[in-house]
Amino acid sequence: MPLRVLIACESSGTVREAFRRRGHDAWSNDLQSADDGSLYHFTDDCLHIIQKNGPWDLVIARPTCTHLASSGARHFAAKRADGRQQQGIAFFLSVVRACEDNAKAWAIENPIGIMSRLYRKPDQIIQPWMFGHPETKATCLWLHGIPLLK
């Protein structure tokens, strides 16, 4: 049975199209238009799309990590001082709540950063090389209703 899927914070369409090729009713969403010009893309805030167009069978979200990722830790004091980090934290947690309320299953993806302490430990930490890519970039996955990646 096809799933109703939202890939939030994606403009490339790569993940959306992988689900569509498998027969799912998959949509992408970003503040930018779809890079591939697809009609299966919402150009809007992901919170509105998750809430307004739910319920979803699956949401995969990649909220902005700019103010949360450990790679930018040297800038955290300035980001806390001007409120950017608090905004990033609030947005991440809002995406989690929207998924909890509007999706049967969900995954939130973000690089190693402060959300492992402020939200909860991730269910899984993956590296691109684990899936056949040469790059290294530790990526946290917070999961609900779906198994760990293999």
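Predicted model: local features only at pLDDT ≥ 70, side-chain atom pairs only at ≥ 80, totals over all residues.
## Close-up views of a mixed sheet and its helices

View 1. Residues are numbered from 1 along each chain as its sequence is written, and side-chain values use heavy atoms, with hydrogens and water left out. Strand 5 and strand 7 run antiparallel, joined by six bridges. (Strands here are DSSP runs of E with at least two residues, helices are runs of H or I with at least four residues, and both are numbered from the N terminus; two strands pair if DSSP finds at least two bridges between them.) Trp 106 is also the bridge partner, in strand 5, of Val 59. Seven of the nine residues of strand 5 are buried, so the rest of the structure largely encloses this strand. (Buried means under 20% relative accessible area, exposed over 50%, and partly exposed in between, with a 1.4 Å probe and protein chains only.)

View 2. Strands of a sheet pair through backbone hydrogen bonds, either parallel or antiparallel. In this open sheet, seven strands follow the order 3-2-1-4-5-7-6, and the pairing is mixed. Strand 3 (41-43) and strand 6 (124-126) are at the edges with a single partner strand each, so one side of each has no neighbour in the sheet. From one strand to the next, the twist averages 20 degrees. (Axes are lines fitted to C-alpha atoms, for helices over the stretch in contact, and angles run from 0 to 180 degrees between N-to-C directions.)

**View 3. Strand 2 and its two partners.** On one side, strand 2 (residues 25-30) runs parallel to strand 3, with three bridges between them. Asn 29 has Phe 42 of strand 3 as its bridge partner, and Asp 30 has Thr 43 of strand 3. How many of the six residues of strand 2 are buried? Five are, so strand 2 is largely enclosed by the rest of the structure.

View 4. Strand 1, helix 1 and strand 2 build a right-handed β-α-β unit. (Right-handed means that, with the strands pointing away from the viewer, the path from the first strand over the helix to the second runs clockwise.) Arg 16 sits in helix 1 and is buried, with a relative accessible area of 0%. Which side chains does the side chain of Arg 16 meet through polar contacts? One is Ser 28, at 2.8 Å, and another is Ser 38, at 3.3 Å. (A polar contact is a pair of N or O atoms within 3.5 Å; within protein, one must be able to donate a hydrogen and the other to accept it, and residues adjacent in sequence count only if both atoms are side-chain atoms.) Leaving aside neighbours within four places in sequence, the contacts of Arg 16 include Ile 7, Glu 10, Trp 27, Asp 36 and Tyr 40. (Contact means heavy atoms within 4.5 Å.)

**View 5. Strand 4, with parallel partners.** Strand 4 pairs with strand 1 in the parallel sense over four bridges, and Val 5 stands opposite Leu 58 of strand 4. Strand 4 also runs parallel to strand 5, joined by five bridges. Five of the six residues of strand 4 are buried, leaving the strand mostly covered.

**View 6. Helix 4 across the sheet.** Helix 4 (residues 84-102) lies across strand 4, strand 5 (103-111) and strand 7 (139-144), at about 160 degrees to strand 5. Its buried residues include Ile 89, Phe 92, Val 95, Val 96 and Cys 99. The buried residues of helix 4 pack against several elements, among them helix 2 (46-52), helix 3 (76-82) and helix 5 (115-118).

**View 7. Two backbone details in loops.** Most residues other than glycine have a negative phi, and most peptide bonds are trans. Between Gly 54 and Pro 55 the peptide bond is cis, with omega about 5 degrees; Pro 55 belongs to the loop between helix 2 and strand 4. Cys 9, in the loop between strand 1 and helix 1, has a positive phi near 70 degrees. At 17% relative accessibility, Cys 9 counts as buried.
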